Amino acid sequence: MAKEQMNKTSLLAIESSCDETSVAIVRNGKEILSNILASQEGVHNRFGGVVPELASRRHLEVLDDLVLKALKEARFKWRDIHGIAVTVGPGLIGALLVGVSYAKALAYALDLPLVGVNHLEGHLFAPLFEYPEIKYPNIALIVSGGHTHLFLVEKVGHYTLLGKTRDDAAGEALDKGARMMGLGFPGGPILDRLSSSGSRMKIDFPRALISRDSLDFSFSGLKTALRDYLHKNVHSQEALEKILPDLAFNFIQAVVDVLVHKATQAAKRYGIKQIVVGGGVSANTLLRQQLKQRGLQEGITSFFPSPSLCTDNAAMVGMVGCHYFEKGFFSSLNLNPKANLSLLEKHNSA
Ligand code: KG4
Ligand code: ZN
């Protein structure tokens, strides 16, 4: 081991909760030495959504290779690793099972500690890599394909759920909307690109605020509104293509308005000046611009990770894993993945 690596915690981290396989080497929870990703976009594209069985198989096929690549890029030998961190949930059970089984086998073979990590906890703390100035307590907005959650975060492991979606997640709404517009999967990034040349048009997409006091979300009405709009107004492929940028802009704007409103409302209610945003939808251009803009008016700073740390990645798993590792909290080799793991459940013990 090189001299500078001594007395530092270096974890090999594995993420396989959905359709991205990722392996990272993270040092001290702060430095990303490698963060390798194999996207499965090409596998699921033609089905218009993630096919769980195909996702699990693909994780299995690529994991060996990704682990070797992550070691190589970090210039690590097996003996330089101090522990294995892995996503335990939430996610697709078969996909999680591949990562957890692989991590358990590695931990056993190398005789290293195993640390289970909640995927959402990864998204919550990914911004810390780039913004060490983030303070606690803060408000965290997690917006991904499976989740739309607002948390009050006091410190690692201490979270209060303030609001969540009652139906579709924000990313799910964008993916379903894009599908109705005849676009590919995942639709979020495609709508993002299209929206850059779109402008406001007179479509009455709903902004579901539920009630004045609620910090919950609801996006299913948006889908219905889009379906009705397309049914009434768009009668040919040519007509659809003509308005796609405007449709994309207005559809995203309806989602973004609600996210910005509720996140700001949460920060004001708890007297907090920092909003930390994570999950795939946090890569969205309009959300990034508009939450920052609103923050300027309210004296609130919002933190968005770089796009590669917004979507699923193993570096965020390594970051949280290092925290538990350094506190002496480990998982046993009986660790099992859990599809609906809540952020408040514990899976490591001292
Ligand atoms: O966090 P993530 O990679 O996986 C989950 O844990 O779900 O999030 C994936 C979601 C998808 O719904 C995808 O459409 C959305 O994030 N997404 C985006 C963008 N990039 C990814 N949505 C809007 N704009 C983007 N640039
Ligand atoms: Zn995610």
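User: Which backbone is 3.2 Å from an oxygen atom of ligand 1?
Analyst: That is Gly171: one of its polar backbone atoms lies 3.2 Å from an oxygen atom of ligand 1. Bear in mind that this is a predicted model.

User: And the nitrogen side of the ligand, what is 2.8 Å from a nitrogen atom there?
Analyst: A polar side-chain atom of Asp192 is 2.8 Å from a nitrogen atom of ligand 1. The side chain of Asn284 also has an N or O atom 3.1 Å from a nitrogen atom of the ligand.

User: How much of ligand 1 does the protein bury?
Analyst: The protein buries 89% of the 550 Å² that ligand 1 exposes when taken alone.

User: Which elements give two or more residues to the shell around it?
Analyst: Helix H4 (119-125), helix H5 (170-180) and helix H6 (187-195) do for ligand 1.

User: How many residues surround ligand 1, and which are closest?
Analyst: There are 19 around ligand 1, and the closest are Gly145, Asp175, Asp192, Gly280 and Asp312. By class, this shell has 11 polar, five nonpolar and three charged residues.

User: Where does ligand 1 sit?
Analyst: Ligand 1 is in the largest pocket. That pocket has a volume of about 1,100 Å³. It is lined by 39 residues, of which Asp19, Ser144, Gly145, Asp175 and Pro186 are the closest to its centre.

User: Which element gives the most to that lining?
Analyst: H5, with six residues, gives the most to the lining of the largest pocket. Strand S3 (31-39), H4 and H6 each supply at least two residues of the lining as well.

User: And the classes in the lining of the largest pocket?
Analyst: The lining has 17 polar, 13 nonpolar and nine charged residues.

User: Moving on, what volume does the second largest pocket have?
Analyst: The second largest pocket holds about 600 Å³ of space. Of its 27 lining residues, Phe125, Val156, Val320, His323 and Tyr324 are the closest to the centre. Helix H11 (315-326) supplies the largest share of this lining, six residues, while H4 and strand S8 (158-164) each supply at least two.

User: How many cavities of 30 Å³ or more are there?
Analyst: The count is one. The largest cavity has about 60 Å³ of space.

User: What lines the largest cavity?
Analyst: Its lining includes Leu124, Phe125, Ile134, Tyr136, Asn138 and Val276. H4 and strand S6 (138-143) are the elements that give two or more residues to the lining of the largest cavity. By class, the lining has nine nonpolar residues, one polar and no charged ones.

Definitions and conventions
Residues numbered from 1 in each chain as written. Chains lettered and ligands numbered in written order. Predicted model: local features only at pLDDT ≥ 70, side-chain atom pairs only at ≥ 80, totals over all residues. Heavy atoms only, no water. Near = heavy atom within 4 Å. Polar contact = N/O pair within 3.5 Å; in protein donor to acceptor, adjacent residues only side chain to side chain. Areas by Shrake-Rupley, 256 points an atom, 1.4 Å probe, with all protein chains shown as cover. 1 Å grid on protein atoms, 1.4 Å probe; cavity = no way out; pocket = protein on both sides within 12 Å on 5 of 7 lines; lining within 4 Å. Sits in = over half its atoms within 2 Å of the grid points. Helix = DSSP H or I, 4+ residues; strand = E, 2+ residues; numbered from the N terminus. Nonpolar A, V, L, I, M, F, W, Y, C, P; charged D, E, K, R; others polar. Points joined across faces, edges and corners; volume = space filled by probe spheres on them.
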